[in-house]
Amino acid sequence: MKRVLVSGGCGFIGSHLVRRLLREHSDLHVVNIDLLTYAGRPENVADLADNPRYTFVHGDIASVEDVARAAEGCDGIINVAAESHVDRSIMGGDEFVTTNVFGTKRLLDYARTHELRYLQVSTDEVYGDVDPPHRSLEGDPLHGSSPYAASKAAGDLLVLSYARTFGLNASITRGSNTYGPYQFPEKLIPLFTTNAFDGKDLPLYGDGMQVREMLFVEDHCSAIDLVFFSGVAGEVYNVGAEHEVPNIETAHKIIELTGADPATLKRVADRPGHDRRYALDCSKLRGIGWDRTTDFDTGLALTVDWFRDNRPWWEAIKNGEAFADYSAKNYGTRS
Ligand SMILES: NC(=O)c1ccc[n+]([C@@H]2O[C@H](COP(=O)([O-])OP(=O)(O)OC[C@H]3O[C@@H](n4cnc5c(N)ncnc54)[C@H](O)[C@@H]3O)[C@@H](O)[C@H]2O)c1
């Protein structure tokens with residue numbers, strides 16, 4: 001493998017992945033195609049601008065021309081790009097289908113006609129919520145609860161269909177809730193952390209007993225790297241922390257780490273259709289040599305420190321009109 005196309009490399013996970021691939025594979029050239037939506041931040045990869053093994057292409061994965069332009073000469077594609085926020089999908093944006101389904105098809109078509117290795121970065125949300133003590137296995141039925149999860153499930157099914165029908169060398173990773181530096185501050189951990197630094201309320205959905213497996217971004221990226229280079233075609237690999245945390249516990253940890261006033265934690269109306277519990281069985285991924293290296297307490301402390309030290313990064317986002325607009329729509333009617 002000499003040249004790989006990563007989509008969504010200006011987003012949260014994508015920016016960490018691009019940096020990791022360049023660091024861990026000294027002979028690899030990485031091309032990053034990103035549409036620069038509200039979540040795509042060029043500053044997330046500003047440190048790579050002078051790297052001769054890195055190329056940025058401003059483009060849309062749902063465009064045949066943009067994909068062809070970016071993927072020319074590549075040996076593989078890792079599709080990280082997505083509309084990724086559940087609450088925005090509930091607000092009804094068509095872009096969830098355009099990017100997560102149609103964009104996936106565009107990349108698959110290119111990979112098929114040029115016989116490339118393909119990896120789809122997916123999510124545990126495609127399984128829907130699961131009752132304890134079950135942990136989702138890769139062969140479990142897909143029951144995405146939100147339009148976001150449904151669009152990701154549709155993308156996964158397309159990938160598996162291309163592997164079976166056309167013999168495409170494609171695999172899928174399904175990661176659990178991921179957190180770390182550069183995460184867009186609409187998601188729970190960066191939202192609560194930055195609100196805490198500003199003395200604002202921390203709006204907790206419902207009773208806060210929704211259980212998640214919080215995965216540090218570097219661990220998620222090491223799994224993507226491993227599966228892309230060593231995963232079996234046509235196979236799916238769960239990527240989880242195998243450590244369950246209710247959202248309310250995460251909120252309390254953030255309050256402790258930031259020194260926020262516990263009274264700022266405010267219950268608000270729950271998200272419609274909100275899944276109660278995700279849990280993944282990751283034996284298959286462990287079977288090909290993956291292990292998580294960062295436990296939740298360590299990763300969360302690192303993340304809170306990063307947001308403390310990088311106020312200009314998140315202030316530029318949160319002080320913008322688009323963020324205020326989204327916040328008013330999403331939280332305005334909840335309290
Ligand atoms: N964040 C999580 O907790 C999590 C967990 C599991 C899986 N995932 C998956 O990981 C991937 C990345 O998630 P994230 O949290 O980093 O997302 P993000 O929202 O931070 O970044 C998405 C990136 O994709 C780009 N993008 C969007 N539409 C595009 C298009 N049509 N063409 C090109 N680029 C486009 C955006 O500009 C942005 O840079 C997604 O596929 C998501 O489903 C995320």
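Visitor: Which residues is leucine 116 in contact with, leaving aside its neighbours within four places in sequence?

Guide: Contact here means heavy atoms within 4.5 Å. By that criterion leucine 116 meets Cys74, Asp75, Gly76, Ile77, Tyr110, Ala111, Leu168 and Asn169, with neighbours up to four places away in sequence left aside. Please note that this is a predicted model, in which local features need pLDDT of at least 70 and side-chain atom pairs count only at pLDDT 80 or more, while totals for chains, interfaces and linings use all residues. Residues are numbered from 1 along each chain as its sequence is written, and side-chain values use heavy atoms, with hydrogens and water left out.

Visitor: Where is leucine 116 found, and is leucine 116 buried or exposed?

Guide: Helices (H or I, at least four residues) and strands (E, at least two) are DSSP runs, numbered from the N terminus. Leucine 116 is found in the loop between α4 and β5. Buried means under 20% relative accessible area, exposed over 50%, and partly exposed in between, with a 1.4 Å probe and protein chains only. Leucine 116 counts as buried because its relative accessibility is 4%.

Visitor: Which residues does a cis peptide bond join?

Guide: Such a bond joins proline 132 and proline 133, where omega is about 5 degrees. Proline 133 lies in the loop between β5 and α5.

Visitor: How does one read the burial of a helix, and which residues of α8 are buried?

Guide: One may begin with the length of the helix, whose expected span is 1.5 Å times one less than its number of residues. Helix α8 (residues 247-258) has 12 residues and reaches 16 Å from its first C-alpha to its last, close to the 16 Å expected at 1.5 Å a residue. Its buried residues are Asn247, Ile248, Thr250, Ala251, Ile254, Ile255 and Thr258. They cover an arc of only 155 degrees around the axis, which puts them on the same side of α8; the arc is that of the directions from the helix axis to the C-beta atoms. These buried residues pack against α6 (188-197), β8 (202-205), β9 (211-213), β12 (244-246), β13 (265-268) and α10 (296-309). Just after α8, glycine 259 takes a positive phi of about 75 degrees.

Visitor: How many residues of α6 are buried?

Guide: Eight of the 10 residues of α6 are buried, so the helix is mostly covered. Among them are Ile189, Leu191 and Phe192. Just after α6, glycine 199 has a positive phi of about 70 degrees.

Visitor: How many residues surround the ligand, and which are the closest?

Guide: A residue is near a molecule if one of its heavy atoms lies within 4 Å of it. There are 30 residues around the ligand, and the closest are Ile13, Asp34, Ser84, Tyr148 and Lys152. The elements α1 (12-24), β5 (117-123) and α5 (147-166) each supply at least two residues of this shell, and β5 gives the most, with three residues.

Visitor: Which polar side-chain atom lies 2.6 Å from an oxygen atom of the ligand?

Guide: A polar contact is a pair of N or O atoms within 3.5 Å; within protein, one must be able to donate a hydrogen and the other to accept it, and residues adjacent in sequence count only if both atoms are side-chain atoms. The atom in question belongs to tyrosine 148. A polar side-chain atom of aspartate 60 lies 2.8 Å from a nitrogen atom of the ligand, and a polar backbone atom of glycine 11 is 3.0 Å from an oxygen atom of the ligand. Taken alone the ligand exposes 840 Å², of which the protein buries 96%; accessible areas come from the Shrake-Rupley method with a 1.4 Å probe, and for residues, only the protein chains shown count as cover.
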